[in-house]
Amino acid sequence: MRSMRLHGGPIYSKLEGRFFRGPRSEKVNALIGCFLVLLAVCCGLSGCKPDEPAKEKTKKIPDAPALPLKKLFWGEYPEFDDCLDLKGLNASIDSSLTYFSRVPGDRTYPFGKETVTARHMVRSLKAFQAFIARSPLPEQVNAFIEEKFQVYESVGNPGGKVLFTGYFEPTYEGCLNPDETCPYPLFSLPSDLLKIDLSLFSDEYNGHKTLTGRVDGGRVVPYYSREQINLQQGFETKAKPVVWLENRVDRFFLEVQGSGRILLPNGKIIRVHYAGSNGNPYRSVGRYLIDKGEVPKEAMSMDAIRNFLEKNPGRMDEVLNHNPSFVFFQKEEGGPYGSLGVALTPFRSIATDQRVFPKGALCFVMASLPEKGVYGPRDQWKSASFFAMNQDTGGAIKGPGRADLFCGNGRYAEFTAGNMNNVGRLFFLVLKSNP
């Protein structure tokens, strides 16, 4: 779900792995352009990475660490004390099982130096699910995990900790047609946007997912940036708006969250979900405001960004265009959905860098959360620990030292997601081969 995540941000795409949608003539042009760009890459004439324009190559994301998880031994396991409702955990496990039912049983997932097959991931989740169905006491949970499960811990950031942030499903007001109250379009996928899977052409690019761009004069070039999209007249002719929003800042935050609910004037609510992005790199506007000295680091939150923009409307373009990434949407029932294509569960689904952590895996989080109904500062939040499932990813969630917690919708979810920014520990669990 997160598109930037921050976030944003679930990245869920229904592409079929070849060239992007559009008229057949455009596909032919895209094919020509693809071979041209591939030739340039293979000849060393282009340093462009998938979803990264050539001009940004000096700011590319560092390679993921080789061993993001360290194997724990007897005596090193944490205390597995879950402070949340196990009913939500059961639903989240079901979502991961749905994901694993869609992949080959021999697909492998990394756990430190070891790899685990999808088949074994299913056995692990079903064993854990059957156990928690008995409503075990905390001491029984710990004994069960110690006997049956191998536990790994994220190596975290250089300080050994994991920074946890949050995201949620917002509700904003909008219209199905533009008028004076709803002037800001939420665009669908543009017809001229291409996604090229370079791994189809060479094993050298198996670690890279896709290149996002467009065809210009027989060449594949990076897709338009946020600023270019907003300034382009008639852009809606190739990217039909899904809905129109009342507030420009709402639209930006909806991109960060990756999905949301739109309240129409007649009281009806429609859901919009992430459909794709322009492939430009994500840059944090929060970090931009901190670096500019506009908002203190310790006070940074979604509310702080919104307050600054509302008080300084003349700087809206400057601040928002700092992030060239732009997200496109689609209407969809149910959800919200994460990058695995399954429904996310509030406080039971997390987003991580899926280059380094196993998709769909059982996790254990040690962080802090606010009390329900108590909206105090972060330093007053209480320690919390709970099981979760690794079911999403996001453009700003990179490396073993970052994780994003899906908080659901409503006031508590919005407050938690908008203010969560604290360090903790993250563990991954999988059934021992011979328990």
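I began with the term on which the sheet rests: two strands pair if DSSP finds at least two bridges between them. I note that the model is predicted.

**Entry 1: the sheet**

I looked up which strands form the open sheet and in what order. Six strands take part, arranged as S7-S11-S6-S12-S13-S14, and their pairing is mixed. I then asked why one side of S7 and of S14 is left without a neighbour. Strand S7 (184-187) and strand S14 (327-331) are at the edges and each has a single partner strand, so one side of each has no neighbour in the sheet.

Strand S11, residues 241-245, runs antiparallel to S7, and four bridges join the two. For Pro185, I found the bridge partner in S11 to be Trp244.

I also looked up the helix that packs on the sheet, which is H6, residues 248-257. I listed the strands that H6 touches: S6 (171-175), S7, S11, S12 (259-263), S13 (269-277) and S14. The direction of H6 makes about 20° with that of S7.

**Entry 2: two helices**

I turned to helix H3 (residues 118-132) and helix H4 (residues 138-148), whose axes come within 11 Å and cross at roughly 160°. Angles over 145 degrees count as roughly antiparallel, so H3 is roughly antiparallel to H4. I recorded the crossing of H3 past H4 as right-handed.

I then asked which residues meet between H3 and H4. From H3 they are Ala127, Phe128 and Phe131; from H4 they are Gln140, Val141, Phe144 and Ile145. I sorted the residues of this contact into six nonpolar, one polar and no charged.

**Entry 3: loops**

In the loop between H3 and H4 I located Ser135. Ser135 is not a glycine, yet its phi is positive, at about 50°.

The loop between S14 and strand S15 (349-351) contains Pro336. I found the peptide bond from Gly335 to Pro336 to be cis, with omega near 5°.

Phe347 is also placed in the loop between S14 and S15. Its phi is near 60°, a positive value in a residue other than glycine. I looked up the relative accessibility of Phe347 and found 11%, so Phe347 counts as buried.

Technical notes: Residues numbered from 1 in each chain as written. Predicted model: local features only at pLDDT ≥ 70, side-chain atom pairs only at ≥ 80, totals over all residues. Heavy atoms only, no water. Contact = heavy atoms within 4.5 Å. Axes fitted to C-alpha atoms, helices over the stretch in contact; angles between N-to-C directions. Parallel < 35°, antiparallel > 145°, perpendicular 65-115°, else oblique. Left-handed = near helix turned anticlockwise from the far one by under 90°. Nonpolar A, V, L, I, M, F, W, Y, C, P; charged D, E, K, R; others polar. Buried < 20%, exposed > 50% of the residue type's maximum accessible area, 1.4 Å probe, protein only.
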